[in-house]
Structure formats: structure tokens, C-alpha cells
Amino acid sequence: MGIAEQYPHIVPELEDIIDKKKPLILVKCANHIQLVAQSGKLLFFQERDGPWIPSLRLLHQYPYMLPRMQVDIGGCKFVIGGANIMCPGLTSPGGSMDDVEKGVPVGIGIEGKQEFAAVGVAKMSTSEIREVNKGPCIDNLHYLGDGLWHNPHLE
């Protein structure tokens, strides 16, 4: 599935994000990771045949691109350390969730912070997260301080 099909609500902004006059570069990396870049700037990445996920820097520019899942402040150090998101961090008083289905890319916010701290893919739907309320529920794929964050330009 292409980026426009996956994110139909941002199609008007895609012209701002992707300049049709400049070439897009697809970078194939180890472990079945693909990156989409333009003018050296990382835009999206994909793991295996999974969904295209916006880079955290792109998500900061277009925060409505993904549903928001907010972790309570106690989970902050774990999120920015790259840990997967646990159900109790989302269902506690400081956490909140947009309604999502399993397998959907999500932005991960921290209680009291406006910007996203990570992006990931939901391993459970919102209703399952509330029902189960234990164990990991979101795979943390890209977070503040990781390799993609520290290398915003591909040369």
C-alpha cells in the first residue's frame, strides 16, 4: 500500500511533504528496513511489508498524521529508551488513547508534553488494551534519541 492510500487524510499536505519536482530516494537497509528520503531528508520508513511510518521529525510538523496514544509521565524514560509501550501506561490516569485497530501506526506522546516522543505500531486495538490492561501493546519503532533521530539527513 502506498503512502497516499495509507494516509488519505493528509493527501493535500503530501504536495508540501513530497516535492514532485525532486526525486524520491528509496534506501534499503539491513533487517528488511526501507527508508524514503527526499533532498537528504528522511520522510517515511517501513519494516518488512508493514505500513509506511512517518519519521518523528515529520510527525512533529504534521501531528495529526497519526492517532495519538499518550503514556503517563512514569513511562517517559522507558519510551525514550526504546521500550515497547505497556498497557498500564495508557490506561492509567495520565494516559489517553485515540481509538485504533491492531496494526495501525500511532504517535506516542507523554503526559504533559505536546510533541510526540515516539512512533510505533499498535499490537492491540484500543478496546483490547483497556480489556487486557497488561503487557506490551505498542511496538516502539522510532523514538527521540535513536539512530534515525540523530541522523536526520541521509547523504
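Four strands, in the order E1-E2-E3-E4, form an open sheet with antiparallel pairing. Strands here are DSSP runs of at least two residues, numbered from the N terminus, and two of them pair if DSSP finds at least two bridges between them. At the edges stand strand E1 (24-29) and strand E4 (53-54); each has a single partner strand, so one side of each lacks a neighbour in the sheet. Strand E3 (residues 41-47) runs antiparallel to E4, and 2 bridges join them. Phenylalanine 44 has proline 54 in E4 as its bridge partner.

A word on the model itself: it is predicted, so to speak of a local feature a pLDDT of at least 70 is needed, side-chain atom pairs count only at pLDDT 80 or more, and totals for chains, interfaces and linings use all residues. Residues are numbered from 1 along each chain as its sequence is written, and side-chain values use heavy atoms, with hydrogens and water left out.

Now to the other open sheet, which has 6 strands in the order E6-E10-E9-E8-E5-E7 and mixed pairing. Its edge strands are strand E6 (85-86) and E7, each pairing on one side only. Here are some of its pairings.

| Strands | Bridges | Direction |
|---|---|---|
| E5 and E8 | 4 bridges | parallel |
| E5 and E7 | 2 bridges | antiparallel |
| E6 and E10 | 2 bridges | antiparallel |

Methionine 69 stands opposite isoleucine 108 in E8, while glutamine 70 has serine 96 in E7 as its bridge partner. For methionine 86, the bridge partner is proline 136 in E10.

Strand E5 (residues 68-71) is covered on both faces: Arg68 and Gln70 on one side are buried, as are Met69 and Val71 on the other. Buried means under 20% relative accessible area, exposed means over 50%, and partly exposed lies in between (1.4 Å probe, protein chains only).

Finally, let us visit the surface, where Asp98, Asp99, Glu101, Glu128 and Glu131 gather in a patch of negative charge. Such a patch is made of residues with over 30% relative accessible area and no salt bridge, with like charges joined within 9 Å. A salt bridge would be a side-chain nitrogen of Lys or Arg within 4 Å of a carboxyl oxygen of Asp or Glu. Aspartate 99 sits in the loop between strand E7 (96-97) and strand E8 (105-110). With a relative accessible area of 67%, aspartate 99 is exposed.

Definitions and conventions
Patch = residues over 30% accessible without salt bridge, like charges linked within 9 Å, V, L, I, M, F, W, Y side chains within 5 Å. Areas by Shrake-Rupley, 256 points an atom, 1.4 Å probe, with all protein chains shown as cover. Lys, Arg positive; Asp, Glu negative; His and termini not counted. Charge placed at Lys NZ, Arg CZ, Asp CG, Glu CD.
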